[in-house]
Amino acid sequence: MSNGSCHDDVETRMVNAKHRIRPEHLKRFRKACNELNAVMRRIQEYEPEARYYLQEDSMLLMVGPSHDDEREQPLLENEADGVVLIGSSGGAW
C-alpha cells in the first residue's frame with residue numbers, strides 16, 4: 001500500500017502513460033515543442049507581451065492577454081494567428 005502520497009500515485013500514472021507512446025514520437029513531440037519555444041522567444045524580443053492561448057482545439061498566437069480581466073471578455077483583437085491542433089483541448093488541471 002502507498003504511504004498516502006497522492007504525488008506518488010500521479011507519478012506512477014504518468015510513467016504508465018508515457019510508455020503508451022512510441023519513443024520516436026515522444027522525441028518528435030519534444031522537438032516540436034522546443035522549436036515552438038524558440039520561435040516564441042524570438043517573437044518576444046520585439047513583442048514582449050506575446051503568448052499562446054489554447055482555445056478548445058486551436059492554438060492561438062496572441063500579442064497580449066486573451067481576456068479582459070475586469071469583464072472576462074475575450075480580446076479577439078490580440079489574436080495574431082491560430083492553428084488547429086488535432087487532439088487538443090483547453091483547460092487547466
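So, the secondary structure here: we've got two helices and three strands, and going along the sequence they run α-α-β-β-β. Helices and strands are DSSP runs, numbered from the N terminus, with at least four residues (H or I) for a helix and at least two (E) for a strand. Keep in mind that this is a predicted model, where local features need pLDDT of at least 70, side-chain atom pairs count only at pLDDT 80 or more, and totals for chains, interfaces and linings use all residues. Residues are numbered from 1 along each chain as its sequence is written, and side-chain values use heavy atoms, with hydrogens and water left out.

Okay, helix H2, residues 23–46. How far should its 24 residues span? The rule is 1.5 Å times one less than the number of residues, so we expect 34 Å, and the end C-alpha atoms sit 36 Å apart, which agrees.

Now, what's buried in H2? That's Ala38, Met40 and Ile43, where buried means under 20% relative accessible area, exposed is over 50%, and partly exposed is in between, using a 1.4 Å probe and protein chains only. Their cover includes strand E1 (51–55) and strand E2 (58–62). Across the protein, 13% of the 93 residues are buried.

Last stop, Asn78, in the loop between E2 and strand E3 (79–84). Is Asn78 buried or exposed? Buried, because its relative accessibility is 14%. And which residues does Asn78 touch, leaving out those up to four places away in sequence? Leu61, Met62, Val63, Gly64 and Pro65, with contact meaning heavy atoms within 4.5 Å.
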